[in-house]
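Dear colleague,

I am handing over to you the structure shown below, together with an account of what was found in it. Please read the notes alongside the structure itself.

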Amino acid sequence: MEMTTALWSFALVVGLLTLTPGLDTALILRTSALGHRRQAWGVVLGIQTGTLLWGALTSAGVTALLTASQLGYEILRWAGAAYLVRMGVGMLRSRAHAEPEPEDAVAADTPADTPVGGPADGLVAGWRRGLLTNLLNPKVGVFYVAVLPQFIPAGAPHFAAGVALTCVHVVEGLLWSTVLVGFAQALRGRLRRPSARRAMDRVTGLAVVGFGVKLAVSD
């Protein structure tokens, strides 16, 4: 397999994975729909930073420890599950105890779990959330361990080729995230209404808790 063929083949596989709705999609849509555009892009960049790290670690052979060490995998799995459940419950509680808000209230743009120090804080907070969500999901690492080596051509520099393939995944993720952010921004006027926001937080919170529980009970 030549490197060009490997890139196109890998792009097809991870492209289908990128388009599949999941936790990343829910976080990006929810954050962007609430009007936190900087924080939404922080989430996007954090997720893609995590993807790049998983790809680099896999190319270096480090993530093979996840499949070789049951204890290491279990620790990461339970840490990820606890993080997701905590985040989902936080979303549910932030609206369950919220007082009625006027339709045009500026303060309504900031949920309880969002720093209020300024735009930079929103970007950093989003990046941290996206990064932790990605890195604390051991299934991403296992996916890379199982799939990435199959697309590295024989004789190609293993690390460089692995990182190049991962960059394809990152680019596709950024492009799809641009569509998601744009879609959420287009509907922002309706989704920023208090009733819509409460419903969105309930749906997203339940989805995040569901992902956490699924990660905890999965083998």
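Is the crossing of helix 3 and helix 8 left-handed or right-handed? The crossing of these two helices is right-handed. Before the details of that contact, please note that this is a predicted model, and that every value below was computed from it.

**Overall make-up**

The protein has ten helices and zero strands. Read from the N terminus, its elements run α-α-α-α-α-α-α-α-α-α. Of the 219 residues in the protein, 42% are buried.

**How the helices pack**

Two packed helices are described by the angle between their axes and the distance between the axes.

Helix 3 spans residues 37–59 and helix 8 spans residues 158–186; they pack at an angle of about 160°, and their axes are 9 Å apart. Because an angle over 145 degrees counts as roughly antiparallel, helix 3 is roughly antiparallel to helix 8. The residues of this contact divide into eleven nonpolar, 13 polar and one charged.

Helix 3 also packs with helix 2, again at an angle of about 160°, with the axes 8 Å apart. Helix 2 is therefore roughly antiparallel to helix 3. The crossing of helix 2 and helix 3 is left-handed, whereas that of helix 3 and helix 8 is right-handed.

Helix 8 has a further contact, with helix 1. The angle between helix 1 and helix 8 is about 40°, and their axes lie 9 Å apart. Helix 1 and helix 8 are therefore oblique to each other. Helix 1 passes helix 8 in a right-handed crossing.

**The largest nonpolar core**

In soluble globular proteins, nonpolar side chains tend to be buried together. In this model the largest nonpolar core holds 29 residues. Which of them touch the most other members? They are Phe10, Leu27, Ile28, Leu84, Met87, Leu165 and Val208.

The elements that give two or more residues to this core are helix 1, helix 2 (23–33), helix 3, helix 5 (70–96), helix 7, helix 8 and helix 10 (194–217). Helix 5 gives the largest share, six residues.

**Aromatic pairs**

How many aromatic pairs does the structure hold? There are two.

One of them joins Phe10 and Phe151. Their ring centres are 5.4 Å apart and their planes stand at 70°, so the pair is edge-to-face. Phe10 belongs to helix 1 (residues 3–19), while Phe151 lies in the loop between helix 7 (138–147) and helix 8; the pair therefore ties together parts that are 141 residues apart in sequence. Both Phe10 and Phe151 are buried. Phe10 is also among the core residues that touch the most other members.

The other pair is formed by Phe143 and Tyr144, and this pair too is edge-to-face, with 5.7 Å from centre to centre and 85° between the planes. Are its two residues buried or partly exposed? Phe143 counts as partly exposed, because its relative accessibility is 21% and buried means under 20%. Tyr144, by contrast, is buried, with a relative accessible area of 1%.

- Val213 is found in helix 10 and, at 44% relative accessibility, counts as partly exposed. Val213 and Leu84 are 129 residues apart in sequence, and their C-alpha atoms are 8.4 Å apart in space. Leu84 is one of the core residues that touch the most other members.
- Val147 lies in helix 7 and is buried, with a relative accessible area of 17%. Between Val147 and Val13 there are 134 residues of separation along the chain, and 9.3 Å from C-alpha to C-alpha.
- Leu131 has its place in helix 6 (residues 119–135) and is buried, with a relative accessible area of 12%. Leu131 and Thr49 are 82 residues apart in sequence, with a C-alpha to C-alpha distance of 6.4 Å.

**In brief**

To restate the main points: the predicted model consists of ten helices and zero strands.

With kind regards

Methods: Residues numbered from 1 in each chain as written. Predicted model: local features only at pLDDT ≥ 70, side-chain atom pairs only at ≥ 80, totals over all residues. Heavy atoms only, no water. Axes fitted to C-alpha atoms, helices over the stretch in contact; angles between N-to-C directions. Helix = DSSP H or I, 4+ residues; strand = E, 2+ residues; numbered from the N terminus. Parallel < 35°, antiparallel > 145°, perpendicular 65-115°, else oblique. Left-handed = near helix turned anticlockwise from the far one by under 90°. Nonpolar A, V, L, I, M, F, W, Y, C, P; charged D, E, K, R; others polar. Phe/Tyr/Trp six-rings, centres within 6.5 Å; stacked < 30°, edge-to-face > 60°. Buried < 20%, exposed > 50% of the residue type's maximum accessible area, 1.4 Å probe, protein only. Core = buried A, V, L, I, M, F, W, Y, C linked by side-chain atoms within 4.5 Å.
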